[in-house]
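Here is a short briefing on one protein model. Look at the sequence and the 3D view before reading on.

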Amino acid sequence: MTSYITPRLLQAINSLEKRYPEAFKVRYGKDYQLERWIPADDPDMRVRNQFLAQIKIGDQRKKQNYTVMHRVLDCYNRYMTTSEAAKYLNMDFSDVKYITDTNPRLRETYAKKQHDFKQIVVYDRINCSYQVYRDQYQASSKLGFQRSSDLTYYIKQRHYPYFIKGRYKAKRKVWFDEDNGM
């Protein structure tokens, strides 16, 4: 707000106070409805009105940014990546990235959700045990795959019905927590 305050604005307010003292009288606090006392075509009044219009535009921008931030946060809560969120919101990737980088709350949420999405839960049918792996590579090596991309086929679907190699089931930890199990 202070970036809009100029010496011209301060001069205009001082000259309005000198020319229209009844508008600035203190009575139960200040009455800032100067339009009742001062004509709209007064040049100093125009300077004041331009200042108020700039403040109003700035408030609208803040409100728009706040709304966009909440839409991006909603996407991150659905475990979307930045590019998926940009595509979903019909926005440019760099805009979504900028909004995320400038807001600490969004940054934390994005990091946490992406960390949770990478974790894999593996169920061993023979031992009747669950093991959590921090990434796809560790889980695929436990299951005996040569490449971590081989596991991608099984964890793409949220509810893969068959056992891997007749013994294991794998699921993203996020889905495991939401579904309360396999």
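A residue counts as buried when its relative accessible area is under 20%. By that rule, Val96, Ile99 and Thr100 are buried in helix α4, which spans residues 93-102. These residues cover an arc of only 95° around the axis, which puts them on the same side of α4. Keep in mind that this is a predicted model.

**Helix α3 and its surroundings**

- Helix α3 covers residues 82-89, and its buried residues are Thr82, Ala85, Ala86 and Leu89.
- Seen down the axis of α3, the buried residues fall within an arc of 100°, so they line one face of the helix.
- After α3 comes Asn90, which has a positive phi, near 55°.
- Ala86 lies in α3, and its relative accessibility is 4%, so Ala86 counts as buried.
- What does Ala86 touch, leaving aside residues up to four places away in sequence? Its contacts are Met91, Asp92, Phe93 and Val96.
- Ala86 and Val96 are 10 residues apart along the chain, and their C-alpha atoms are separated by 6.1 Å.

**Nonpolar cores**

- The largest nonpolar core has 13 residues. Within this core, Val122, Leu143, Leu151, Ile164 and Ala170 touch the most other members.
- A second, separate core holds 12 residues, including Leu73, Leu89, Val96 and Ile99.
- Leu151 touches Gln136, Ala139, Ser140, Leu143, Phe145, Ile164 and Ala170, when residues up to four places away in sequence are not counted.

**Aromatic rings**

- How many aromatic pairs does a search of the whole structure find? The search finds 5.
- Tyr123 and Tyr130 form a tilted pair, with 5.0 Å centre to centre and 40° between the planes.
- The angle matters for the label: planes under 30 degrees apart count as stacked, over 60 as edge-to-face, and the rest as tilted.
- Tyr123 is buried, at 18% relative accessible area, whereas Tyr130 is partly exposed, at 45%.
- Ring pairs join Tyr123, Tyr130 and Phe176 into a cluster.

**Charges over rings**

- Lys165 lies over the face of Phe145, 5.0 Å from the ring centre.
- Lys169 has its charged end over the ring of Phe163, at 5.2 Å from the centre of that ring.

**Cysteines**

- A disulfide is a covalent bond between the sulfur atoms of two cysteines.
- The count of disulfides here comes to 0.
- Is Cys75 buried or exposed? Cys75 is buried, at 0% relative accessibility.
- Cys128 is exposed, with a relative accessible area of 56%.

- Ile55 lies in helix α2, which runs over residues 43-77.
- The relative accessibility of Ile55 is 17%, so Ile55 counts as buried.
- How far apart are the C-alpha atoms of Ile55 and Gln146? They are separated by 61 Å, and the two residues are 91 residues apart along the chain.

Definitions and conventions: Residues are numbered from 1 along each chain as its sequence is written. This is a predicted model: local features need pLDDT of at least 70, side-chain atom pairs count only at pLDDT 80 or more; totals for chains, interfaces and linings use all residues. Side-chain values use heavy atoms; hydrogens and water are left out. Rings of Phe, Tyr and Trp (its six-membered ring) pair if their centres lie within 6.5 Å; planes under 30 degrees apart count as stacked, over 60 as edge-to-face and the rest as tilted. Buried means under 20% relative accessible area, exposed over 50%, partly exposed in between (1.4 Å probe, protein chains only). A charge sits over a ring if NZ of Lys or CZ of Arg is within 6 Å of the ring centre and within 35 degrees of the ring normal. A nonpolar core is a set of buried Ala, Val, Leu, Ile, Met, Phe, Trp, Tyr and Cys residues joined through side-chain atoms within 4.5 Å. Contact means heavy atoms within 4.5 Å. A disulfide is a pair of cysteine sulfur atoms within 2.5 Å. Helices (H or I, at least four residues) and strands (E, at least two) are DSSP runs, numbered from the N terminus. The arc is that of the directions from the helix axis to the C-beta atoms.
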